[in-house]
Every structure is written in C-alpha cells, then in structure tokens.
Amino acid sequence: MSQTVRGVISRAKNQPVELVDIVIPDPGPGEVVVDITACGVCHTDLTYRDGGINDDYPFLLGHEAAGTVESVGAGVTSVAPGDFVILNWRAVCGQCRACKRGRPHLCFDTFNAEQPMTLTDGTALSPALGIGAFADKTLVHAGQCTKVDENADPAVVGLLGCGVMAGIGAAINTGAVTRDDTVAVIGCGGVGDAAVAGAKLVGAKKIIAVDTDNTKLDWARDFGATHTINATELDVVETIQDLTGGFGADVVIDAVGRPETWKQAFYARDLAGTVVLVGVPTPDMRLDMPLVDFFSHGGSLKSSWYGDCLPERDFPTLVDLYRQGRLPLEKFVTERIGLGDVEAAFAKMHSGEVLRSVVIL
C-alpha cells in the first residue's frame, strides 16, 4: 500500500518552500522505496525552486541523499531491504550507444522511477533530478541506488550524490589530474573545493584556488590548496602563470560556469593543457573569442557531467577513502538541520555562509 510521509515542496517560482504531506506509492517493477537518513541542500534545489530548471511545479526537492532501502519492486536484484545506499541521479541504462561503447558514465538514456509521488490530493510531484529526497522516504529507480559501507556517516557520504562527486570527478575523471600536475580551480564553493580535494588525493604538486571571497579561499586551503588568489585583488591569468613558471596550469577547472571565468580558465592553462567546465552556465550566456586562439593553444576543452562518474564504481571507492581518513568528506558538512529548515539553508547558501547544510531525518 502507499504511505504518507512529510516532504519539502516548491509550488511556484521564487516562493518559499513548504513542508507538507506527500504520498509514496509501493515500488513497481525496477523501483525502490528508500527511507532517507540525510540529504544535502544543493544549489540545484534552489535553482529548481526559482524556476531555473523548468516549470513543472510542484517540485519535491532534495537529491544529495543517503538512506536505507525499505522495499523493492519486481525484478530488483541490485539492492535489497536493509541496504545502506547513496542515491544518484544518473542511473545508466546499459543499452544506449554510449553504454554499448563502454562509456556508461556518458549514458544518454538514464532511468528514474516511473510512478509519480503525489500530494494527498493526487497532484503529481516532479522530484528534483528524479530523486526528491527532502522527505522521510522517496521512490527511485533501483539503478539510482548504490550500496556502500553501512558504517559511514550518512550526512557525509550522501553528498557524493551530487556536488562533491561533481567536483572530485571533474578533477580525477574528466581532468585526469595525476601526480606532479599543476591545477587551478576557479570558484571555491562545494564543487570547487571538492575539485581541490580530488586534485590533492591524486598527488597534484601545486593546487591554485581562485575566488572573490577570502572565507572560501580559507576553505580551499583546508582541502589542500597550496596557493590562493583573490580575483578582486589580482589578475587571475597572470598570477596563475606566475605561479607555474610562466606557463600556466596543466589543468584548470571552472567551477563557476560564467563566460568570464571560462575565459580565465582557457588563458590560464599551459599550452596543450586542459580546461574542465563543471560550473553550470545559464542558457543566455555567450562566448566571443578569436577562433585562432583555440587553434594556437591546443589541448583539451571538456565539460564534466556529474564528474563523469560511474556511481557503482566511484561511490564505494570514495566512501572507503573517507573511512580510511584519506579523503576529508566530513569537512563539507557545515551544519545539520531539520526538514523545516530548508528555506533558511537556501538563504545561508546564497550568502556564502555554508559549504553544505545537511537535512537529518
């Protein structure tokens, strides 16, 4: 039978969120009901609330989550009731052209649950990124559940479900940072600091963090940045070049996603270096650059989708590294809050007071 739980929804553009009763159906074929333990407050949830994704209101917000499998539908064999899982928003299909070519991290036909979760009056909810985890329980596709070490702190490892994985993956998977590389990260919020942590994890010899906020630069140092640049005080490109023998960094990661920061990344890299765009631009943003510069600089210009991760490969490994004390994921958790505190967490995020607020259920 279906069950009624509490969840945080957004009914209209730019309006405060509401804590309401929602209805979770029994899992159908390929579906799973997860009892949510913790869910991070990600900027993408704020973007949903403010109409920056689409207009499919009402949204059930939340997607950076960990919890315990409560029940599974027909045909589900990858997880079982009682499993501790991290949720992901890109459940690979295994059948599309990317999957068949051995590139499942680029899957073009990812899965979500087919049944809708609803309000008590039957209004269908649009779950954020196909998850909707600001709720006591949620319904997802089985492929969105990755089993990990049950002894890990849910508030910490749940962040791998989105922003932290995006940053770590941008450095390790997309940027292919390795030992002795020089790396620059532009933008030191949660995603940028995760990129810093990823670069440190694989042994980058110099990690340069760039931001306009000294507090965020302090955060970046705590995650392993060897040098910092306040972009309001110094020329970003010239300073990165000065710090790298006049050449530029091997890999530059743009965790902001604006034309001006992408241009900084482009010109701050070494010849044949790599630019990774992980910050998400808005549809109206445009670039105007000489085409000859693309030819003469060479190298690689990449976009990073979800850190080019494969959850079943990356989540357990990163959780193990965290449990071993080699990856300080706990530093991303600024505060632990209740379901009724999400709107206040959005305000703190907007003002730059927190890396992550995490809802505890």
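How many salt bridges does the structure hold? In this predicted model, the count is 14 salt bridges. Side chains of opposite charge can pair when their charged atoms come close.

One of the salt bridges is formed by the side chains of Arg11 and Glu18, with a distance of 2.9 Å from N to O. Arg11 is classed as partly exposed because its relative accessibility is 42%. Glu18 also falls in the partly exposed class, since its relative accessibility is 30%. A further salt bridge joins Arg356 to Glu64, and here the closest N and O atoms are 2.9 Å apart. Arg356 is located in the loop between helix H11 (342–350) and strand E18 (357–360), whereas Glu64 belongs to strand E5 (residues 64–72); the pair therefore ties together parts that are 292 residues apart in sequence. Are Arg356 and Glu64 buried or exposed? Both residues are buried, a class that requires a relative accessible area under 20%.

The side chains of Arg258 and Glu260 likewise meet in a salt bridge, at 2.7 Å from N to O. With a relative accessible area of 39%, Arg258 is partly exposed. Glu260 is partly exposed as well, its relative accessible area being 42%.

Attention now turns to the strands. Strands of a sheet pair through backbone hydrogen bonds, either parallel or antiparallel. In this model, 5 strands make up an open sheet in the order E7-E2-E1-E4-E8, and their pairing is mixed. Which strands stand at the edges? These are strand E7 (118–119) and strand E8 (126–127); each has a single partner strand, so one side of each is left without a neighbour in the sheet. Strand E4 (residues 59–60) runs parallel to E8, and the two are joined by 2 bridges. Within this pairing, Leu60 is placed opposite Pro127 in E8.

The loop between helix H1 (43–49) and E4 contains Pro58. A cis peptide bond connects Tyr57 to Pro58, with omega at about 0°.

The aromatic side chains were examined next. The count of aromatic pairs comes to 8. One of these is formed by Trp89 and Tyr306, whose rings are stacked, with 4.3 Å from centre to centre and 15° between the planes. This pair links distant parts of the chain, 217 residues apart. Trp89 is found in the loop between strand E6 (84–87) and helix H2 (97–100), while Tyr306 is found in the loop between strand E16 (300–303) and helix H10 (311–323). The two partners fall into separate accessibility classes: Trp89 is partly exposed, with a relative accessible area of 22%, whereas Tyr306 is buried, with a relative accessible area of 5%.

The largest nonpolar core comprises 52 residues. Those with the most contacts inside this core are Leu160, Val164, Ile253, Phe315, Leu329 and Phe332. Which helix gives the largest share of the core? Helix H4 (residues 163–174) does, with 6 residues. The core lies between domain 1 (3–161 + 328–360) and domain 2 (167–304), because both domains give residues to it.

Ala176 is counted as partly exposed because its relative accessibility is 47%. Asp180 lies in the loop between H4 and E11 too. The phi of Asp180 is near 75°, again a positive value in a residue other than glycine.

Notes
Residues are numbered from 1 along each chain as its sequence is written. This is a predicted model: local features need pLDDT of at least 70, side-chain atom pairs count only at pLDDT 80 or more; totals for chains, interfaces and linings use all residues. Side-chain values use heavy atoms; hydrogens and water are left out. A salt bridge is a side-chain nitrogen of Lys or Arg within 4 Å of a carboxyl oxygen of Asp or Glu. Buried means under 20% relative accessible area, exposed over 50%, partly exposed in between (1.4 Å probe, protein chains only). Helices (H or I, at least four residues) and strands (E, at least two) are DSSP runs, numbered from the N terminus. Two strands pair if DSSP finds at least two bridges between them. Rings of Phe, Tyr and Trp (its six-membered ring) pair if their centres lie within 6.5 Å; planes under 30 degrees apart count as stacked, over 60 as edge-to-face and the rest as tilted. A nonpolar core is a set of buried Ala, Val, Leu, Ile, Met, Phe, Trp, Tyr and Cys residues joined through side-chain atoms within 4.5 Å. Domain bounds come from an automatic or database domain assignment.
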